[in-house]
Amino acid sequence: PEKKKGGAARPPQTPLASTSAAPSRLMDDFACVNGNITASDASEAAPALIIVTGLIGIAFSVFLLKLVSSIALDVASNNEPLVGSEPINGADVAEQNARLLELYAAITTGANAFLRSEYKLCGIFIVLAFPAMSVLIAWGDKEDGKWEWKNGWLSGVSFVVGAITSIVCGYIGMRVAVFSNARCTVGACAPAPHGWTHSFNTAFRAGGVMGFSLTGVALLSLYALILGLRPLFGSEQTDLMHLFECIAGFGLGGSSIAMFGRVGGGIYTKAADVGADLAGKVVQDLPEDDPHNPGTIADNVGDNVGDVAGMGSDLFGSFGEASCAALLVGASSPMIVAAGWGALMFPLALSGVGILVCMATSFVATDLMPVRDEKGIESALKMQLLVSTLLMTPCVYALAVTLLPAATCGMCVGGFVVGGVCSSPLKAFFCVGFGLWGGCVIGFVTEYYTSFSYRPVVEVSESCRTGAATNIIFGLALGYKSVVLPVFILAGIIFGSHRLAGMYGISLAALGMLATLATCLTIDVYGPVCDNAGGIAEMCELHPSVREKTDALDAAGNTTAAIGKGFAIGSACLVGLALFGAFVTRLNDTGAKVTVDLLDPLTFAGLLVGSMLPYWFSAMTMKSVGKAANEMVIEIKRQFDANPNLLIPNHPDRPDYDTCIKISTDASLQEMIAPGALVMLSPVLCGVCFGTRCVTGLLAGGIASGIQMAISSSNTGGAWDNAKKYISKGAMDAVIGEEEPETVDNTGKVQTKKSQIFKAAVTGDTVGDPLKDTSGPALNILMKLMAIISVVFAPLFLAIKDGDGLLGFVVHDKDVAAAHDAVVAATRRLAQVPVASPAGGGELVAMAFGLVVGVGGVLAVQRATAPPRAKAAKPALVCRAAKVEGTPVEPRLLAHTASLA
């Protein structure tokens, strides 16, 4: 019987007794299937849009590459009068060109060697992971005892395609960066203003090759995979759900390779950077990128393998995972499925249009408003972000109203139902807009906290007057404070998007933040190219005016790179949450009604562990950088001791660069395995051992903790880096000259880099290097990779004790809870008296765990309050210090100290 609003049931009526309106309304309800939504002609044009825009992106990257390759590797090709007519240090143009080609080849060889070694390990990982993943998914998806080999193998194929695409994208980026760095140096040899324009355009177009090739290849490879697997499934909604569940392996493959690229490349670049800085700049007072520093080539190689190849794989993973999440959640809506293939492909069409927008925006920086002086660099790069966002906004609206459906009848007229939420094309547009503009705002907030054009970084610079300790304190405080606004912005995006379109809205917001991916990648790659160009100019001993241009380009690149990191971190948060929603959607699709209840003890336990993982992961990566940097410092010091000529300015002797490159390569390849295993195995072990409820907590904790630690780490390191550059450019020379008069030479010029203030800034920059380039960026992948692994292996988790995991065979929480609820209900009906809850298995385990912790606490307190042991006559540290100073140490005392230790 039909119910009224008050809840009372109407008496059943016969058709003859009903009014004439009732049968009409009833017939309308029967006739309204999926809101009368059908596929439109415009919707069918979406596949062509995806293919054409992907091809245009690749073609445009080839066009940019030709422009870059047109620059000859000849420092005199731009007719710079300062090169040749005024040779530096007695070097003529021929020697400088020979040195340029030598360094270009050395950096290229070092980068190729590292990527070959890294990708060999990645290949072994792919070969081992493919069959294991396929078997586990086939077993988890089994029905009536029959293994679902089709789902297993196709998920494995998707994984392989995603992994190979990620490798290709990272390799393209690295090759383009090392191909362009020396050409950027040559461009800077031209007289102003042409030198500014040529060098900027070279680096910017090199970044464009990476940005447009990656987005084009990623879009086409994902869509080709979908088209290849589509004939193996039916056209019903459940078939499409199974299709996109298999496609989720594409995101897993891309993110897995990104983990190795980000962690391995980050350890490589920062081990070389920190080692070269400590042994060269801090101890021996060598200038930046001095050719006598054995670690300088490894440092320049690291810029390419970490900041370019690693970043490319990272953002490719974000694109793949956000697209997979949107496709999977979108396929759960019958109305979107009824609207046709074009409506399902709306996420990919969005990325395709973004390629066209970014392509049009790139001409603003290189042709419409070219850079002609130092002041125009930063404004040109920031203009790229703003213009691309402005142009993308109306395009998103046009796509949404064209491809997404609008019901003409039913409960959601004018829109569509997805995830139980009545959404609409206009609401979907707002979801994408939230991510698009939210990412832009996060980028500019990041700039405020990391650019020396604003007060926060200036305060960090001024704190160096009292030493490195206060510099580090101010930098840490800045990083913590910089988390506040981005988190509020992300919280607003998440709330608004979920209100408008559920988890589908959050996945669209993530894609909105990545809609201008080509522009973001262009700006990201621009920085390392300029950094390498400056190093080559220094090592070739070109005129100081060349290094001034490249340093100015690099300084702007540091700021925009921080903006790019802000985009990457923000998108990682949204992508992780979108995948979280896809995980819950996939669990519910199997019939398991999963809700995330933080009061559930397993969920809360998983939340605590997930919140801890970013700290564990960061500790592993930072310690790896420290160990590798220590080896680098020892090797550099050994070379200085073996050949004192290396410390003589302008001496022709050169160090052994290859040994330092090998140290960074070996250390990074060995140390990247453990952090990667931590991230990959955590959700699998959690789901297998403790079930899906624990996995939901693990993902929530990892995202909530990881986003804040990633922002703090990246901005702290970026602020320390730019504080050092602020001081090195002479902004505090007046203060240095007043407080350290010994740094003022006979001409009255302040030797900034010989001051204690500058050395304090270098210390902060050195501490911040692994934060901003290793741990911080790698946390992006931690948030995404754990979530995509959970999505792909959801059937495996559900197959073990109905989602309770191995713990369910020991502790029957659900059975106890069901029996308890039945007893309570029966007792209340009979006696109307509340009944206390019996102790379930989970409660007994908790009581036992609490007892162990309590006893351990008592023992710890007893140990802490016990009287101290008898101390040695002289502590071990004092003994060691006395021995170093030459004072003889009694052998018995050393033996006694060793026994105590």
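R455 is partly exposed, with a relative accessible area of 43% (buried means under 20% relative accessible area, exposed over 50%, partly exposed in between, with a 1.4 Å probe and protein chains only). R455 forms a salt bridge with E462, and their closest N and O atoms are 3.1 Å apart (a salt bridge is a side-chain nitrogen of Lys or Arg within 4 Å of a carboxyl oxygen of Asp or Glu). E462 also counts as partly exposed, at 33% relative accessibility.

This is a predicted model, in which local features need pLDDT of at least 70 and side-chain atom pairs count only at pLDDT 80 or more, while totals for chains, interfaces and linings use all residues. Residues are numbered from 1 along each chain as its sequence is written, and side-chain values use heavy atoms, with hydrogens and water left out.

**The chain as a whole**

- The chain has 30 helices and 2 strands (helices, H or I with at least four residues, and strands, E with at least two, are DSSP runs numbered from the N terminus).
- Of the 901 residues in the chain, 56% are buried.
- Among contacts in the chain with a separation of 6 or more, 82% are between residues 24 or more positions apart (contact means heavy atoms within 4.5 Å).

**Salt bridges**

- Side chains of opposite charge can pair when their charged atoms come close.
- The structure's count comes to 25 salt bridges.
- One of them joins the side chains of E447 and K382, at 2.7 Å from N to O.
- This pair links distant parts of the chain, since E447 is in helix α13 (residues 425-450) and K382 is in helix α12 (residues 375-403), 65 residues apart.
- E447 is buried, with a relative accessible area of 3%.
- Another salt bridge is formed by the side chains of K724 and D765, at 3.0 Å from N to O.
- Here too the pair links distant parts of the chain: K724 is in helix α22 (residues 692-728) and D765 in helix α24 (residues 756-792), 41 residues apart.
- K724 and D765 are both buried.

**Aromatic pairs**

- A pair of aromatic rings is described by the distance of the centres and the angle of the planes.
- The structure holds 20 aromatic pairs (rings of Phe, Tyr and Trp, the last by its six-membered ring, pair if their centres lie within 6.5 Å; planes under 30 degrees apart count as stacked, over 60 as edge-to-face and the rest as tilted).
- F125 and F260 form an edge-to-face pair, with 5.3 Å from centre to centre and 75° between the planes.
- F125 lies in helix α4 (residues 93-140) and F260 in helix α7 (residues 237-284), so this pair ties together parts that are 135 residues apart in sequence.
- F260 counts as buried, at 9% relative accessibility.
- The ring centres of F130 and W153 are 5.7 Å apart and the planes are at 45°, so this pair is tilted.
- F130 lies in helix α4 and W153 in helix α5 (residues 149-188), so the pair ties together parts that are 23 residues apart in sequence.
- F130 counts as partly exposed at 25% relative accessibility, and W153 counts as partly exposed at 36%.
- One aromatic cluster is formed by F60, F63, F212 and F363.

**Charges over rings**

- K150 lies over the face of F233, at 4.4 Å from the ring centre (a charge sits over a ring if NZ of Lys or CZ of Arg is within 6 Å of the ring centre and within 35 degrees of the ring normal).
- The charged end of R230 sits over the ring of W341, at 3.7 Å from its centre.

**A nonpolar surface patch**

- V135, W147, W149 and W153 form a nonpolar patch on the surface, with about 350 Å² of accessible area together (patches are made of residues with over 30% relative accessible area and no salt bridge; like charges are joined within 9 Å, and nonpolar side chains, namely Val, Leu, Ile, Met, Phe, Trp and Tyr, within 5 Å).
- W149 is found in helix α5 and counts as partly exposed, at 36% relative accessibility.

**Around A700**

- A700 lies in helix α22.
- Leaving aside neighbours within four places in sequence, A700 is in contact with F580 and L607.
- A700 and T603 are 97 residues apart along the chain, and their C-alpha atoms are separated by 9.4 Å.

Notes: Areas by Shrake-Rupley, 256 points an atom, 1.4 Å probe, with all protein chains shown as cover.
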